[in-house]
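Biologist: I am new to this structure and would be grateful for a close look at a single part of the chain.

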Amino acid sequence: MVVFLMDGQSAPARVVRHATAARRLRLEVPNLQWNEALGERLERTFATWPGVEEVNAEPRTGRLLVRYAPEAPLLARLRQEPDAPPSPSRKARLPTQGRQPRPQEPWHAMTVDAVLARLDGSDHGLTSEEAARRLKRFGHNVMEEEARRSRLAMLGSQLATVPTALLLGSAGASVLAGDRLEATAILTVVGLNAGIGYRIERRNQELLASWQKLEAGAAQVLRGGILLTVAVAELVPGDVVLLRAGDVMPADMRVLEAHRLSADEAPLTGESEPQPKQAAPVDERAPLAERASLLFAGTTVASGHGRAMVVATGADTEMAHVRELVAQESAPSTPLTRKLGQLDRRVAVASVGAAALSAMVGLAHGRTGPQVLRGAVALGVAALPEGMPLVATAALVRAMQRLHARGMVVRRVSAAEALGGVTVICADKTGTLTRNEMRLEVLDVGDGALELSSLRLRPDAVLEDAPTLALALGLLNSDVDVHHRGKVLEVAGSSTEKALVSAAHDAGLDGARLRRDFPRRDLRERSEGIHYVVSVHHAPGDGVVAFIKGAPEQVLGMCERSTQGPLDARKREHLARRNDALAADGLRVLALAWRRLPGDEGAAPTDGYTFIGFVGLRDPLREGAAESVRQARGAGIRTVILTGDQPRTAEAIARQVGLEGDTLTPLELAEMLELPAGELAKRLDQTSVLARVTPEDKRKLVKALRARGAVVAMAGDGINDAPALQAADVGVAVGVRSSDMARAVADVVMANEDLRSIMSAVGEGRIVQDNLRRALRFLFATNLSEMALVLGAGLLGLQEPLTPLQLLWINLLTDTLPGIALALEPGDPAILDRPPAPPGLPLLSRPAVKRLVRDGVLMAGVGGVGMALGGPPLAFGTLTAVQLGYSAVCRAPREARHNVPEDGEWRLPAFVGGAAALHTAALTFPPLRRVLRLPAPTLLTFGGLALGLALPSLVGAAPAWGGQAVRRVRRREPRPAEPRPVMPPSSLLETSP
């Protein structure tokens, strides 16, 4: 329980969910339910709090949703109630695996040596054997951020649907009409549907739980002095973790070393500014926000780097103590959720309307009250596609399973469908399109590229020899951690700086000696608009020097001379052309410069430097990057590259992957966003590269594309991609080495680094869309056939062709098994050879509705013929059979089933065969016949059953059924050249999802 001030008084609330990554907090407030006045007061109160972006009171549920900015001191205003008893179920939600509650140690007040002694560790980390022992003792470093739904809650959610509510109402009406058997049957069907839905949801929950460790990410850990990448779930107290900017803290840790280290602790303490961190202890009584020697789970490294030792994991962390529940808040309703909700409402209206119409017709024909009520129940049951929720869930969960088999974790179930609508993929270049494994390829100190393998350096005269100075500058100006694994050098840091340091070592320079000779006294890293790094060092002989590396256009502007003399306009032009030539070859080009400083000078100046030369680094393309771009183009999806490189380098990469179009800089992007809507849309459609990009620029471009009407997938792996990942329709974190922040905000996490997996995911999303349309077409057409038959008989004054119990039997056979089988079809093998469906396209378009109405009327006609020939029993047999046969018309293209025979061919025939066997048993097995009130079968009964099963396929094979000839003529008309999906053969009931 937390409390906050409202109108000068303390008000209690309970934290229901808190998504720190999405910055969404949901509170349950006493007395808010159905109290709109209190809701307005709460909204006014929270709206005045700093950093609160949106607040919505929900009087219907008694809850309050708050969205806040990253710097908002929200938790500081929600203080824990001192005497609030702990939740009795809390420990049950935390998989401690035998972990015993640890005493609260004052880690922040202990010296580094005392911490090492207390945890029996060392600054070289634990041995692998000791880490394994501690893992058994303390359990995995995993805290379930949301309590698993109980089995009862999952079962209850299956009953809380519109179709189920209407069926329960029908059961009540049957009881009133004296039809206890029908009421029992309705309740049985409800129970069966709920049981199937429960099983699917439970399977989904098990999948998500099994993926939790993969989502948790990995950490750079020292084990026995060796740098290893360890799953966050396997961290234990005593582990030494290496930290860099952008890392999300995997546990509570005591700082051992800090180099300009600061952390964003707003999610925990409410402090809006990053807090500096240090290895020195602080006062034991220091409040949480002032414990500068500690790093807390869930917070983020804002700048610098360092080492820290894990002191608490899982349920023992401070974040676990502060929050009652920390969960990934459900995303706003997706297009699929909204479309299914609309269908639910329309089904409810249709069901109630059909029942009312049946009642009016019955009264008009002078029927008794029970007869009218029985007819209304029958028509209401006929209108309900009971299998619709099961079909949608089955399709989405199946897509998640398929994607997981390809190394992708879908963190939101609805994202599996959203992928299918993607029209633009924005891909970060470094680490996404490329390997993020830079290597130094060119060193040019004024006379062209030097042969790196034959360099003869002068380590004793670093400042006098240009090649030696260039490589030494790259090493000293880089912010990396260097370790040795035996004789192998291990460098941890950015890929660019790792490449420079490794090249210097490979050329024969001694990094440790250089750092002793040129100790660093200051470092100014890149920032918004500043694309270079400046470091200040003491030089041998009590001098002070400044080294600079970065964007050539900015570094050259700070230089007055080169190693060969003053820089005049001609020499600057020559250097600019050289930079362009290197960049056009796809190299990342950095300029190097230096100058001496007066010994008492503070910050390094921005002029007076001597230009040393260029270094050209190459980041190889990932395997499959070019193919994925080509595949996206074939699928009607544009690709836009986002990169911090200069425009020429970015254009070279774009050419390598086969992209054509305009290259923009942030300034040009800002100017473009000011254009009128029509011209802006045209420019956006022509953009293929955004260079010299910042995180904010990435976010702006994604939002502009979405405003244009595009469905955007953002693929990235770094902290600088996080804003764009969150702004996109679908955020994809690429690779297990992607940053913790990128993984936290992404909708999909790729375990592998093959970008072709993204296109596989898009294909799966399209298969979900197609299968949902197939299944919904089947469900609505078959239910419409039942409504048409029952209503038609009522309008003609005939006897009821089907009782409510018989309709329930039909729906149980046709809505559930064939519907789920259609939702699990493998899909068109040419699914990526066609453009994506328009974003606003409904699940059932107007032409599709016309087709299913026609199909439903035709099936009702088959049932009517059966009724004319053999009365209601034959109508029951033939209508059920023709519905089962109709499922073959709605299935996936034949090419898809043949492409994946083991997964595509057997399911629908098996499900339909099983349903047909059950239906045959209903027609022949005496106990079932008595329940369904059917007479003994005749030859006509079996003939109707066989004809109904075969009729849809037989009629579909006829060359001139209905509008078939017209459709064939139309297909001969010239059409725009665009990829089309491979369609199955036409049939009685025209095929297309």
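Biologist: In which loop is the place of arginine 933? Please then turn to helix α5 (residues 128-138) and describe which of its residues are buried.

Modeller: Please bear in mind that this is a predicted model. Arginine 933 is placed in the loop that runs between α35 (926-932) and α36 (939-957). Although arginine 933 is not a glycine, its phi is positive, at about 60 degrees. Arginine 692 is likewise not a glycine and has a positive phi, of about 50 degrees. This residue, arginine 692, sits in the loop between β28 (687-690) and α26 (695-707). Arginine 692 counts as buried because its relative accessibility is 12%, and buried means under 20%.

Helix α5 can now be considered. Within α5, which spans residues 128-138, the buried residues are Ala131, Arg134 and Phe138. These three lie on the same side of α5, because they cover an arc of only 65 degrees around the axis. The face of α5 turned away from this buried side carries Glu129, Arg133 and Lys136, which are exposed. As for what covers the buried residues of α5, strand β7 (218-223) is included in that cover. After α5 comes glycine 139, which has a positive phi near 85 degrees.

To draw the description of the helix together, α5 has Ala131, Arg134 and Phe138 as its buried residues, with β7 included in what covers them, while exposed Glu129, Arg133 and Lys136 are found on the face turned away from the buried side.

Notes: Residues numbered from 1 in each chain as written. Predicted model: local features only at pLDDT ≥ 70, side-chain atom pairs only at ≥ 80, totals over all residues. Heavy atoms only, no water. Helix = DSSP H or I, 4+ residues; strand = E, 2+ residues; numbered from the N terminus. Buried < 20%, exposed > 50% of the residue type's maximum accessible area, 1.4 Å probe, protein only. Arc of directions from axis to C-beta. Contact = heavy atoms within 4.5 Å.
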